[in-house]
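User: Please go through the ligand site and the nonpolar packing of this model, one point at a time.

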Amino acid sequence: MANHTELNNLMPKAFVTGYPVGHSRSPLIHRYWLDLYHKQGTYEPLEVAPQSFEDFIISLKAQNQSGQHGFCGGNVTLPHKEQAFAMADRKDTIASMIGAANTLWFEDNVLCATNTDVYGFCANLDEFAPDWAGGTALVLGAGGASRAILYALKMRGFERIILLNRTIERADELALYFGAPVEAYGLDIMGSLIHQADLIVNTTSLGMESHTSDKDMMPLFDFDKAKPSALVTDIVYTPLITPFLRQAHGLKTVDGLGMLLHQAVPGFEKWFGIKPVVTKELRDIILSDLGER
Ligand code: ATR
């Protein structure tokens, strides 16, 4: 029979790395599932400064190749997603399209990378607004987060994707990159396009708790011109009901917390061997940690 140390040495170990990483709710999510499924394993936050990230990945690979019991993979958050993608040895199509990775794992001693934000975004809407896909989408924001959303909307068959950004050049760049049906415009003409949208998505940092100065500048959006059937969602979940969602009152809305919970599913499955379920209990745990209950 294996002793305690031997058991420890066999346990799959995963991490989340970022800078900073203290705000990450990923440890709560993965440890909840480890408990729920009675899985032996660990999931720990590792704060890695940008200048040390390259060495971190190099030592991750070295440990794996030397057969030491290192990490079997982990999550990557800001500001390391692009570098994680660049340093992975095998990247799937989604990560390659987005140019950033949030999930790493080893397969045959090869460091693999994917981006599960697309999965998380779709699964959240599938759960709370099952017939969300199709028609015309209006997307606010052309930053890093917008890429996953544009990919998701293309994949789920939207006929038109109207991309609006304060800095129109960034929207133009993304429209060119993703191609039809993405069209780019300035944020200032949202009022003249919103009536065409079946789905309205905020991917900007506007109204996010940590961006207090932006919060003050939250513009008023013309939700009164939207179709009564339009669905509105925000990928930000701090606060849970963002100023954007609050302005959309009267329309159906889906908050961004489900995207965080669902994006964790593929990673857990890869590291710990079971596809976990996003339960109401898990959502409640994260909500109380966010001070939302
Ligand atoms: P992320 O990777 O999280 O998407 P980002 O690349 O900094 O972050 O992008 C933030 C997005 O929020 C951008 O679309 C940004 O618009 P610009 O490209 O014009 O900067 C948008 N954003 C941030 N603050 C904004 C504000 N006060 N008004 C309008 N858009 C804003």
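User: How far is an oxygen atom of the ligand from an N or O atom in the side chain of R166?

Analyst: The model is predicted, and the distance is computed from its atoms. A polar contact needs a pair of N or O atoms within 3.5 Å. The pair formed by a ligand oxygen and a side-chain N or O atom of R166 is separated by 2.8 Å.

User: How much of the ligand's area does the protein bury?

Analyst: The reference is the ligand taken alone, which exposes 640 Å². Of that area, the protein buries 75%.

User: How do the residues of the shell around the ligand divide?

Analyst: There are 15 residues around the ligand, and among those that come nearest are A142, T167 and R170. By class, the shell holds three charged, five nonpolar and seven polar residues.

User: Which element gives the most to the largest nonpolar core?

Analyst: This core has 33 residues, with F121, W132, L153 and L199 making the most contacts inside it. Elements that each supply at least two of its residues include α6 (117-128), α7 (144-155) and β10 (199-202). With six residues, the top contributor is α7.

Note on methods
Residues are numbered from 1 along each chain as its sequence is written. This is a predicted model: local features need pLDDT of at least 70, side-chain atom pairs count only at pLDDT 80 or more; totals for chains, interfaces and linings use all residues. Side-chain values use heavy atoms; hydrogens and water are left out. A residue is near a molecule or strand if one of its heavy atoms lies within 4 Å of it. A polar contact is a pair of N or O atoms within 3.5 Å; within protein, one must be able to donate a hydrogen and the other to accept it, and residues adjacent in sequence count only if both atoms are side-chain atoms. Accessible areas come from the Shrake-Rupley method with a 1.4 Å probe; for residues, only the protein chains shown count as cover. Ala, Val, Leu, Ile, Met, Phe, Trp, Tyr, Cys and Pro count as nonpolar, Asp, Glu, Lys and Arg as charged, and the others, Gly among them, as polar. A nonpolar core is a set of buried Ala, Val, Leu, Ile, Met, Phe, Trp, Tyr and Cys residues joined through side-chain atoms within 4.5 Å. Buried means under 20% relative accessible area, exposed over 50%, partly exposed in between (1.4 Å probe, protein chains only). Helices (H or I, at least four residues) and strands (E, at least two) are DSSP runs, numbered from the N terminus.
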